[in-house]
Amino acid sequence: MIDHTCDQGDVLGEIRADIRVMKVEQKNVYDGIDRLCKATEENMREARQLTISVQEVIGDSREFRTRIGTVERDVQFAFDEIRRVSTEEVAPLRKKIDEIGAIKTQLAVNNIILTGVKLIASAVALALVGIGIAAVYGRAPL
Amino acid sequence: MNCETLLCYVPHAITLLLCLAIILTAVNNIAMAKSDKGTTFIKHAVWLVSGFQLMAITVFLINQSAWVFSDNVSLVGSDVAVSWLIYNYLDQLFHITIAIIINTVLRTHIMYNCRLFQEYCGCDPRDGLIGKETN
């Protein structure tokens with residue numbers, strides 16, 4: 001407040017003092033604005049860098065997706081190939097294996113029958129030997 | 001006629017061998033029928049036939065040994081004795097043939113079962129034997 005009772009010199013002095021104070025404050029405000037601007041610029045730069053990073057990540061993920069698609073197609077192709085091979089090549093082999101198994105079984109059956117025949121033949125031979133001995137010695141163990 | 005050499009006892013030994021073979025085969029048949037997964041009728045039939053075989057051979061062995069140890073050998077003539085020996089051998093051959101046929105049929109049956117249900121019974125069909133029990 002200007003005191004009207006004071007001298008003009010005092011008033012001017014006060015005004016000048018106020019102006020100095022205001023200049024100082026204005027300078028402080030400008031400094032603050034400069035700092036804010038600098039900080040904003042830094043933030044903007046970081047934001048741009050982040051944006052670039054995000055774009056790179058998005059690009060990488062797109063590339064990954066493309067690669068995964070390629071791998072999926074390869075895997076599908078491999079499955080189709082395996083299925084084709086199994087139906088066209090393994091099925092006849094399996095049939096052959098079954099046939100060989102049947103032959104083996106038949107051979108085993110023949111072996112079992114042959115063993116039985118051998119046993120019966122041995123028993124008959126033994127009986128003939130016994131009868132021969134009894135006939136030769138004229139005595140049977142009855 | 002008295003027999004001086006050990007050869008005279010060979011017919012005894014042959015009789016014993018044949019009886020032993022019949023007993024072993026019949027016991028094996030009973031064991032195989034027990035472990036086989038065939039029908040109950042076949043099992044009962046095998047048990048019945050093998051059981052009668054075992055009983056017949058046991059009674060025959062008892063009678064034969066009693067006859068021999070009681071020294072009644074000279075009571076009958078040689079012709080009668082030899083003809084009875086032939087009869088005994090034929091009887092034993094009949095029994096052993098029946099037992100071996102049953103054994104062969106059972107082995108074949110078990111082997112085919114193994115081949116058909118290989119994963120189920122866990123046995124090798126090439127063995128053609130009883131294999132493992134699954135239960």
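These legends walk through several close-up views of a two-chain predicted model.

Local features are given where pLDDT is at least 70 and side-chain atom pairs count only at pLDDT 80 or more, while totals for chains, interfaces and linings use all residues. Residues are numbered from 1 along each chain as its sequence is written, and chains are lettered from A in the order in which they are written.

**View 1. The two chains are built from helices.** Chain A has one helix and zero strands, and chain B has four helices and zero strands. Here helices (H or I, at least four residues) and strands (E, at least two) are DSSP runs, numbered from the N terminus. Starting at the N terminus, chain B reads α-α-α-α. How much of each chain is buried? In chain A, 9% of the 142 residues count as buried; in chain B, 27% of the 135 residues do. Buried takes 20 or more other C-beta atoms within 10 Å of a residue's own, exposed takes 12 or fewer, and partly exposed is in between, with C-beta atoms placed from the backbone.

**View 2. Here is where chain A touches chain B.** The contact draws on 25 residues from chain A and 36 residues from chain B. Two residues are in contact if their C-beta atoms, placed from the backbone, lie within 7 Å. On chain A's side, you'll find 19 nonpolar, four polar and two charged residues. Nonpolar covers Ala, Val, Leu, Ile, Met, Phe, Trp, Tyr, Cys and Pro; charged covers Asp, Glu, Lys and Arg; the others, Gly among them, are polar.

**View 3. Zoom in on helix α1 of chain B.** This helix (residues 10-35) has 26 residues and reaches 37 Å from its first C-alpha to its last, close to the 38 Å expected at 1.5 Å a residue. That expected span is 1.5 Å times one less than the number of residues. The buried residues of α1(B) include B:Pro11, B:Ile14, B:Leu18, B:Ile22, B:Asn29 and B:Ala33.

**View 4. Helix α1 of chain A meets α1(B).** The axes of α1(A) (residues 8-137) and α1(B) come within 9 Å and cross at roughly 160°. Axes are lines fitted to C-alpha atoms, for helices over the stretch in contact, and angles run from 0 to 180 degrees between N-to-C directions. The pair is therefore roughly antiparallel, a label for angles over 145 degrees. The residues that meet include A:Leu126, A:Gly130 and A:Ile133 from α1(A), and B:Pro11, B:Ile14 and B:Leu18 from α1(B). By class, this contact has 12 nonpolar, one polar and no charged residues.

**View 5. Inside chain B, α1 packs with α2.** The axes of α1(B) and α2(B) (residues 40-69) come within 9 Å and cross at roughly 155°, so these two helices are roughly antiparallel as well. Among the residues that meet are B:Cys19, B:Ile22 and B:Ala26 in α1(B), with B:Trp47, B:Ser50 and B:Leu54 in α2(B). That contact has 11 nonpolar, five polar and one charged residues.

**View 6. Finish with a look at B:Val46.** This residue lies in helix α2 of chain B. Why does B:Val46 count as buried? Because B:Val46 has 22 C-beta neighbours inside 10 Å. Leaving out residues up to four places away in sequence, B:Val46 touches B:Asn29, B:Ile30, B:Ala33, B:Ile102 and B:Leu106. The C-alpha atom of B:Val46 is separated by 9.4 Å from that of B:Lys34, 12 residues apart along the chain.

Conventions:
Parallel < 35°, antiparallel > 145°, perpendicular 65-115°, else oblique.
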